[in-house]
Amino acid sequence: MNLSDFLNQSCATLNHSSQLSELILSIAEAGKQIAALVAKGKLAGVSQQLNSINVQGEAQMQLDISSHDIFIDCLSSTKVVFGAVSEELASPHYFSDHIPDAPYLVCFDPLDGSSNIALDGVVGSIFSILPAPPNAVRSDEIFLQQGIGQIAAGYVLYGPATMLVISAGAGTHAFTLDPDTKVFELTHPDLKIPAHYPEFAINASRQRFWEAPMQQYIADCLAGEEGVRQCNFNMRWMASMVADIHRILMRGGVFLYPKDHQVTDRAGRLRLLYEVSPMGMLIEQAGGKASTARASVLDLQPLQIHQRVPAILGSINEVDLIEQYHQS
Ligand code: AFP
């Protein structure tokens, strides 16, 4: 089954408007265009680092800007998006020529993991689709919605294969782009994350900045079967959230970007609206759990459109245990 047929079928089942199918297909189109740029590497002339800094205070790659522009163009073609929050823009972008009361808002990270571009590493695009309030006004506040209210979420993974992973509220499903037909085909329907898998993903170089409970949790994992966990763990860290989350959706484990007291003005590195919240929906729709270590990610009330939060995402038994470490 291809993406278009899947969306038509699932939107009918879920009583979603056909406009949602149109919107997700436009995002898939953006993914195809970005995949083509990424696949050209340095030949695309967009892999160099610019002298510019984005609103996050992070160096921008030309491909970050090009990917953002592709997203905006594709969203603009749908006429059903009132406004969009992008990692690359300080303030939201509004689509003035869209239909009155356009029903959707989109929050997106056009190119996540872009520091891997120069290394030909795996990168991705992440998106979250929220309902636009009736009679929406142009303000940051309309985007500050709890993740539990997302209509849909997903990512495009630019790896050996280009994949699209989405949820519209009835499970998490993965599609693979057929390079010959340029069509996303359903290859992994209804992904399910095992409740336990002995593998964690964390940037271990930041160990000294973590809170004590996180230091203890990782130390207990590292102690292996001789320690309190009585289990040997493996570690992975792709420095690309899309790649790490994709692995967890495929085989389980836990992804950790915890609170970090070196950068005290930030509750973590990752952004709630367009990284942690959409990934949280995908993980929970696949039977996993999404937490800040102390609260459910999808229940958080966002306070600012580029707000950062701690991210503990993956196998439910492991996330439950990490929350227990933070309670005692
Ligand atoms: P970049 O987009 O700047 O490469 O950051 C990627 C990211 O936001 C997320 O995709 C990774 O999981 C995380 O940052 C990597 O953080 P470290 O650089 O601390 O490993």
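How far apart do the C-alpha centres of domain 1 and domain 2 lie? They lie 23 Å apart, in a predicted model whose local features need pLDDT of at least 70, whose side-chain atom pairs count only at pLDDT 80 or more, and whose totals for chains, interfaces and linings use all residues. Residues are numbered from 1 along each chain as its sequence is written, and side-chain values use heavy atoms, with hydrogens and water left out.

View 1. The domain assignment, whose bounds come from an automatic or database source, gives domain 1 as residues 3–188 and domain 2 as residues 199–327. In this view 49 residues of domain 1 are in contact (heavy atoms within 4.5 Å) with 33 residues of domain 2. About 3,000 Å² is buried between domain 1 and domain 2, and carbon and sulfur atoms give 60% of that area; buried area is the accessible area (1.4 Å probe) that two parts lose on being put together, summed over both.

**View 2. Polar links between domain 1 and domain 2.** Between domain 1 and domain 2 the count is 1 salt bridge, a term that requires a side-chain nitrogen of Lys or Arg within 4 Å of a carboxyl oxygen of Asp or Glu. The count of residue pairs in polar contact between domain 1 and domain 2, both residues being at pLDDT 80 or more, is 17; a polar contact is a pair of N or O atoms within 3.5 Å, where within protein one must be able to donate a hydrogen and the other to accept it, and residues adjacent in sequence count only if both atoms are side-chain atoms. On the side of domain 1 that touches domain 2, E3, E5, E6, E7 and E8 each supply at least two residues.

**View 3. Lysine 289 and its contacts.** Lysine 289, in strand E14 (residues 289–291), has a side chain joined to that of glutamate 323 by a polar contact of 2.9 Å. Beyond neighbours within four places in sequence, lysine 289 is in contact with residues including Ile283, Ile312 and Asp320.

How values were computed: Helix = DSSP H or I, 4+ residues; strand = E, 2+ residues; numbered from the N terminus.
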